[in-house]
Amino acid sequence: MNGLYGTYEWAARAPGRVNLIGEHTDYNDGFVMPCAIDRGIRVSARARDDSICRLYSHQFQSGWVFDLREVSKESGDSWARYPQGVAAMLQAHSGRLLSGIDAEIESDLPAASGLSSSAAFEAVFAVLWNEIDGLNLDHWTLAKLCQQAEHEYAGVKCGIMDQAASLLAQEGCALFLDTRSLQTTYDPLPKTWSLVVADTGKPRALSDSAYNERREQCEQAVLLLAGDSERHAHALRDISPERFLEQGILLPPVIRQRAAHVLGENLRVVAFRDALQRGDKSLIGRLMRASHESLRLDYEVSCAELDSMQQACEAAPGCVGARMTGAGFGGACIALVECAALIDFLAAAEARYRMDHPFCEPVFLVCRPAQGAVVERL
Ligand code: GLA
């Protein structure tokens, strides 16, 4: 296959994700339930026989060149930090210098919508170098290295959910992931449902600093709640609901709210999986709404646009459940929608949202649960 840099030998792609439920629980050693979606990032590449990487992003219409011998945290457009971060982590882990590449990057994943384009960016380069350089790393190891790249090169102290979803998802399924043990099970979603990503048209703002601040508040909650009896507590996962009921009242109000969200959300994820397995649509809807409300009131990561979109989706025909998805502060909602009512759903949700926010340009993406990152030799 020919392109900007000549003939490519490799094609890799990695999906974005939506999280069905379990928000801001992954860095608290909790439960999450995301799905990869059939949109993502594709890279066409050829290996070079030196350590130079020449990259071009069609989405951002910009190129970047760097040397694998001198990967730097400070250089490059924001998108270029991801491949550089991944290269640095793979090199540190394997103790090897990777092969230089010429690569073109294409995406049908909107950035800043809460669909984890950053994790997809990392995952696509991780599988690519893993294959080109014969590193033979399993996808869990790649997910952890990608997470490390995000911490160190993008400055976001994220959990493991997005990288795990992008690398480990199975087609047609949601992933139930225990972020402490990393035990993963796959639950099929009914084929009669569509995943609708309802982007508010309000890009995420100030998300990195607010995200890291939420994480610190959770750590503070653990310290304050881990009395003598729970000295082993390392994360909010270790705090029992009983202990929180007894001791939570003593916490500063903001810290109490953050902990209340995380503890409740973990219970909701488990209940959601159960409801999904039993096909209990009404409970699924209630759990998604409760998750949204908790993120709005206790975790304070929603915004007016996300709240209106959640309500617009929930009130539209065929909606099983809707909530904001991803870190918050703008971005998208996820709605589970009966396929038979999809057209009516889209028309009604869009009309109602536009009434509330006439100056926002919402985008509705109808997605399917997709497979994790893959690479092939052309
Ligand atoms: C971002 C992070 C994830 C997770 C979500 C919130 O997407 O990358 O690790 O914490 O926010 O659930």
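Q: Why are F125 and W129 separated by about one helical turn?
A: They are 4 residues apart in helix 2, which covers residues 117–132, so about one turn of the helix lies between them. The general idea is that an α-helix has 3.6 residues a turn, so residues three or four places apart point the same way. The model discussed here is a predicted one.

Q: How many aromatic pairs does a search of the whole structure find, and how is the pair of F125 and W129 arranged?
A: A pair of aromatic rings is described by the distance of the centres and the angle of the planes. The search finds 6 aromatic pairs in the whole structure. For F125 and W129 the ring centres are 5.8 Å apart and the planes stand at 40°, so this pair is tilted.

Q: Are F125 and W129 buried or exposed?
A: Buried means under 20% relative accessible area. F125 has a relative accessible area of 0%, so F125 is buried. W129 is also at 0% and therefore buried.

Q: Which residues do ring pairs link into a cluster?
A: The cluster consists of W79, Y82, F121, F125 and W129.

Q: What span does helix 8 reach, and what is expected?
A: At 1.5 Å a residue, 24 Å is expected for helix 8. Its 17 residues, 281–297, reach 24 Å from the first C-alpha to the last, close to that expectation.

Q: Which residues of helix 8 are buried, and what covers them?
A: The buried residues are I284, G285, L287, M288, S291, H292, S294 and L295. Their cover includes helix 7 (253–278) and helix 9 (304–315), together with strand 3 (10–21), strand 10 (193–199), strand 11 (319–324) and strand 12 (332–338).

Q: Where does V262 lie, and what does V262 touch?
A: V262 is part of helix 7. Because its relative accessibility is 0%, V262 counts as buried. Leaving aside residues up to four places away in sequence, V262 touches H24, T25, N28, C218, L236 and Y299.

Q: Which residues are around the ligand?
A: R17, E23, H24, D26, Y27, C158, G159, M161, D162, Y211 and A327 are around the ligand. H24 is also one of the residues that V262 touches.

Q: What distances separate oxygen atoms of the ligand from H24, D162 and Y211?
A: For H24, a backbone N or O atom lies 2.6 Å from a ligand oxygen. For D162, a polar side-chain atom is 2.6 Å from an oxygen atom of the ligand. For Y211, the distance from a side-chain N or O atom to a ligand oxygen is 2.5 Å. The ligand taken alone exposes 310 Å², and the protein buries 93% of that.

Notes
Residues numbered from 1 in each chain as written. Predicted model: local features only at pLDDT ≥ 70, side-chain atom pairs only at ≥ 80, totals over all residues. Heavy atoms only, no water. Helix = DSSP H or I, 4+ residues; strand = E, 2+ residues; numbered from the N terminus. Expected span 1.5 Å × (residues − 1). Buried < 20%, exposed > 50% of the residue type's maximum accessible area, 1.4 Å probe, protein only. Contact = heavy atoms within 4.5 Å. Near = heavy atom within 4 Å. Polar contact = N/O pair within 3.5 Å; in protein donor to acceptor, adjacent residues only side chain to side chain. Areas by Shrake-Rupley, 256 points an atom, 1.4 Å probe, with all protein chains shown as cover. Phe/Tyr/Trp six-rings, centres within 6.5 Å; stacked < 30°, edge-to-face > 60°.
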